[in-house]
Each structure stands twice: as C-alpha cells, then as structure tokens.
Amino acid sequence: MRDFWNRYKRNRSAVFGLVVIFLVILMAATADLLYAFDPFRLAGKPLSSPGTNGFLLGSDSLGRDVAAGIVHGAKTSLLIGLVATLVAVFIGILFGALAGYYGGQIDNILMRVTEVFQTIPSFIFAILLVAILKPSIYSVVIAISVVSWPGVARLVRGEFLSLKNREFVQACHTLGMSDLRIMLREILPNCLSPIIVIGSLMIATAILIESGLSFLGLGDPNIMSWGFQIGAGRTMLRSAWWVCTFPGVAILITVLAINLVGEGLNDALNPRLRERN
Amino acid sequence: MMRSSKIFKFVLKRLLQGIPIILAIVIINFFLLNLADGDAVDVLAGEAGSATPEYMAELRAKFGLDQPLPVQLMVYLKNVVMLDLGYSFRHDMPVSELIVDRFWPTALLMVSTIILAVGFGILLGLLAAMRLNTWKDAVITVFALITYATPLFWVGLMMIVVFSLNLGWFPTSGMENVAAFYEGWDRVKDIAVHLVLPTITLSLFYLALYTRMMRASMLEQYGQDYVITARAKGLTERRITFVHVLRNALLPVVTMAGVQVGALIGGSVIVESVFAWPGLGMLAFESLFARDLNLLLGIFLLSSVLVIVVNLIVDIIYSLLDPRIEVS
C-alpha cells in the first residue's frame, strides 16, 4: 500500500487530480449545509449577474441560484457516474470472465453479443433507452451502464484467457476447487489492477454521458444536474452567459481530475507499462 | 491480379460478417419498440382526439399489431429489408424519406469534422513527438487533456458566446441563410460560414484523441530496430521521421478513426441540436420531444449500419496501406 502511494505520488498531476476530486466530493457531501434549500426554488431576482443580489455565480431566468445548482448537481454527477460504472463493471466482469474461462462456444456467443453492443453508436443508444424507459435517475443509470460494459468485458476476457492456464490455476483444479471459486477467488483478484484503471476512466465518461443526456432534457426532472442547468440556460445565452458557463466549468474540472487520477492509477498499478514509454 | 481478387474476397467476407450484427440490432430495435408504452394505434388515436375501442382494435388488426410477437418480428424484419422503417405521424412522412432528406447535412458535417480532426490530430501529435519534453509538447499534451474532458455541448455554447454574439464572425445557428436566396458560389460560401463553428466543436474531442494517439504511436515507432538501422546508415533525422517513422505511425490512427465513427454520430446529435444544424442529429432531438419513436428507431438503425460500413471501408484502406497485413 505504502509502495503504491509512493509510486502514485511521483505523478504530480495525478496528485492534483486527487485533490480536486476530494474537493468535489466534499462539495457534494456538504451541499445541504452550503445551500440548505431546494436548488429548483426561486431564490431571488431572475438573471442577476454573478456577484449581484447575493448570488455568487448569478441566477437563471427563473431566479434559481446557479451556485446552489452546481453544488447540488455535484451529488448527481458523482452518484450517477459511480453507480453506472459499478453496474457496467459488474456486467463486463460477468461476460468477460465466463467467456475467457470457459472458451469455446460460450466464448463465441458472449463475444458476438459484446461485438453487437460495441458496434451500436453508444450515445444514440443511451438516448433511445432513456426515452423509452422514461427519464428518471434509474433509466439514466441503466442506459449508461448498458452502453459502457463492452470495454470491460473485452479486457476481463483477455486477462482470464492469459491466466487460466497458469500453474496456480492448475493447482486449484487439482485441489478440486469449484469453477466459481477459481474464477472469483483466484483469477479475478489477479486482474483487478487493469479493471480499477478502466473503471476510474469510465466514471469520467459516465459523467460526460449523463451531462449530455440531461442537457437534451433526458435527465431526472426532479434532480438538479449540471447538464440540466446548461440546457435550461442556453436560450438565455445572449443576456445571461453565466448560467451556461459555470456548470460547464464544473463538468470540465471534475472529468479532467478523474482522468488524471485514472492515468496516475495506471502508472502506479502497472509500473512495467510505464517504463516502456 | 492475385491481390485484387484477394481483397474482393476479403470485402465479401466482411460484408457477410456484418449481416448478423445488423440483424441483431434490428431485433433489439423491435424489442425496444415493444417495450415503450403504447403502440402506433395509441399514437394515431391520440392524434385524432378520440377513438372507440372497436375502431382501435380494427386498426390494430390492420397493422398486424394483434398478431403474436414472433409474427410481428418477422413482419418488422421484412419491412426493414424492404427499407420500410415505418411512418412518422408527426411529420406525416415515411421515416425512410425523412431520414434521406436529413442525411446530407449530417454527412457534410461529419466529413469536414473527420478531415479537420484527423488532419490536425496527426499534425499536432507529430509535432509533440518530435519536440518531446519541450514546452511545445507540454502545451499540446495539456490541450489534449482538457479538450478530452470538455462536454461538446458546452464548447458549442461557449463558441456561440465568443464568436457569434461578441465578435459576430459566424452565425449562431442553421445551415444557410434561407431568406437571402443565395445561388451558386454565394450559397456554397454561405453554407461554409455556417459550417465553421459546428465543425470545430465536433472535431475538438476527436482532435484530442488523435493527437494523443499519434504522439504515442510515433514514440513507439521511434523505439523500433529499423530506426536504429536507419540512423546507423547515416540518414538524417528528418528523413527518418518523415519517410520511415511517420508512415508506420499512421496505421493505428487510421484504425481508430473507424472505431470512433459511432461516437462521432452521438456527438453530432449534441452539436446539431446546439447549432440547429438541420441533419439527422437535429431530427433525433426533435423526435425526442415529439415522442416520435418510429423516427428515433430509424435514425438509430441507420447510424448502426453506418458504423459497420465505415469500419469495413477503414479495414480496406488499412489493408491497402499496409501490405504486410494478410487480407485473407
């Protein structure tokens, strides 16, 4: 662990990313203390520019506080990013592990299914899923996970393929362990590093997809999110630039920080990969 | 002669491989359509204002909606094969006609985006790799990192604020100034001016991607043995870079351009709805609000087929670029 941290902190931008993410999480966790009211509420004079009428970042055309929306939206983005990624990683591990471990016909069928999902243009598919399931936080999570698991499946399959004939796995077979136990307790822990790296980068992508969906009006109508704020502010672009600008900066900073951490994890967990470059 | 017949066989084989994927997507499409609340008859009845249950049952029988699901699936498959994607009740037009109408603006946007993103991506990646660890490399790397993390719709809106509203260089939306009745070259110029901001917006993300990839690919090639050989026989660094390394480094970038087409189509939905560009993406955005599912599914199907076709084309280009690759 200590060793891992020493390798991680050699990458300064990754440490910076970690600090930023920590701040965003802190902001999300204290949202109800910082702005202890519903972010959809009329909080004052509409279209106030930043710094006026008691609005730090201005207000939108309905008098909603942009800063309050950003703080409450952080919860939505982080939550959806994390949950959707966990679901996608779970599906990916299931497909990849079964395909890689059993091979043959099972591998063939599962990989064909994966290929179909990889071919489908993911954002349009996500739009379609949310439109059909009706916009809600659940349908957004489902849509994002359904479009993002194939990458994990391919990765896990590759790892399982290369590990399943190793001596330690053969030893497990000789000991009479069940297939399930070998897969979960012996092989899976050995391919956790690449899964963690791809998972961390997927959180960033999930946040971008979520913001795109809610920008198009497909977010949960009862939950504040950054994409929704930008979508609601776009008609006022000429008179109130701040409504669209600040939530976008929040997305940019969060996604950038997560990407930096992902790269840092990659360097720290796969040191050999780093030395090749 | 041998080679061209081999390539022909390869194309045929890849075409045959694409068919089951398209079939699977059509089936997914059919089930999504059935998952949605209400069918075409409900929509029709809603449009008409009111309808008796008897009339609705009669309509369902007419459209075959009272048949068991497998029969409906076969009918749907047959229709798709005949290029009949259903009827858009909002636009009062067959979906396929509507899609063909709106295809060309999207094609224009995508082609100009690919040219810009691949061209500049290769250039910037090359520059960063040649000036490794200098300030130029750092600037390019940071630029790529930031654009990689920026939501497209936000970039589009910021472009509008800066270049349209404040500077007034480019129009905020649309594909042409319809009221001006331009003809000939004036019209081409008008469309080109409208094209600038959407193209830059859509290409930024891919520009970042190709830049990072080109840089990594160049660095990998610099480490190969043939570069040492080239140095040993006294070639200039310039010649090594442009004649030997560059050609090999381009290959993975070309492949990636094909893989990313699906994402590009998704991006065009966002960019077209920001700039009111009258293409397929805008159509998808409109159909979302009109709850016009037939249309949305049609666009989805077409874009999936597009991805398969583009990947096939990229594979063919790839096999032409790199004679080492066996096309069999």
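A residue is buried if 20 or more other C-beta atoms lie within 10 Å of its own, exposed if 12 or fewer, and partly exposed in between, with C-beta atoms placed from the backbone. This is a predicted model, in which local features need pLDDT of at least 70, side-chain atom pairs count only at pLDDT 80 or more, and totals for chains, interfaces and linings use all residues. Residues are numbered from 1 along each chain as its sequence is written, while chains are lettered from A and ligands numbered from 1 in the order in which they are written.

**View 1. A:Leu98 in helix H4 of chain A.** A:Leu98 sits in helix H4 (residues 66-102) of chain A. Helices (H or I, at least four residues) and strands (E, at least two) are DSSP runs, numbered from the N terminus. A:Leu98 is buried because 20 other C-beta atoms lie within 10 Å. Which residues does A:Leu98 contact, leaving aside its neighbours within four places in sequence? They are A:Ile106 and A:Leu110. Two residues are in contact if their C-beta atoms, placed from the backbone, lie within 7 Å. A:Leu218 is 120 residues from A:Leu98 in sequence. The C-alpha to C-alpha distance between A:Leu98 and A:Leu218 is 34 Å.

**View 2. The fold of chain A.** Chain A has 13 helices and zero strands. Its C-alpha trace spans about 75 × 45 × 35 Å along the principal axes. Of its 277 residues, 47% count as buried. Among contacts in chain A with a separation of 6 or more, 68% join residues 24 or more positions apart.

**View 3. The side of chain B that touches chain A.** Here 36 residues of chain B are in contact with 33 residues of chain A. Elements of chain B that give two or more residues to this side include helix H1 (2-35), helix H6 (135-148) and helix H13 (293-321). By class, this side of chain B has 30 nonpolar, six polar and no charged residues. Ala, Val, Leu, Ile, Met, Phe, Trp, Tyr, Cys and Pro count as nonpolar, Asp, Glu, Lys and Arg as charged, and the others, Gly among them, as polar. The predictor gives the complex an ipTM of 0.84 and a pTM of 0.86.

**View 4. H6(A) against H13(B).** The axes of helix H6 (residues 122-133) of chain A and H13(B) come within 10 Å and cross at roughly 155 degrees. H6(A) is therefore roughly antiparallel to H13(B). Angles over 145 degrees count as roughly antiparallel, under 35 as roughly parallel, 65 to 115 as roughly perpendicular and the rest as oblique. A:Ile124, A:Phe125, A:Leu128 and A:Ala131 of H6(A) meet B:Leu296, B:Phe300 and B:Ser303 of H13(B). The residues of this contact are six nonpolar, one polar and no charged.

**View 5. H5(B) against H13(B).** Helix H5 (residues 95-130) of chain B packs on H13(B) at about 55 degrees, with the axes 10 Å apart. Axes are lines fitted to C-alpha atoms, for helices over the stretch in contact, and angles run from 0 to 180 degrees between N-to-C directions. H5(B) is therefore oblique to H13(B). H5(B) contributes B:Val95, B:Ser96, B:Leu98 and B:Ile99 to the contact, and H13(B) contributes B:Asn294, B:Leu295, B:Gly298, B:Ile299 and B:Leu302.
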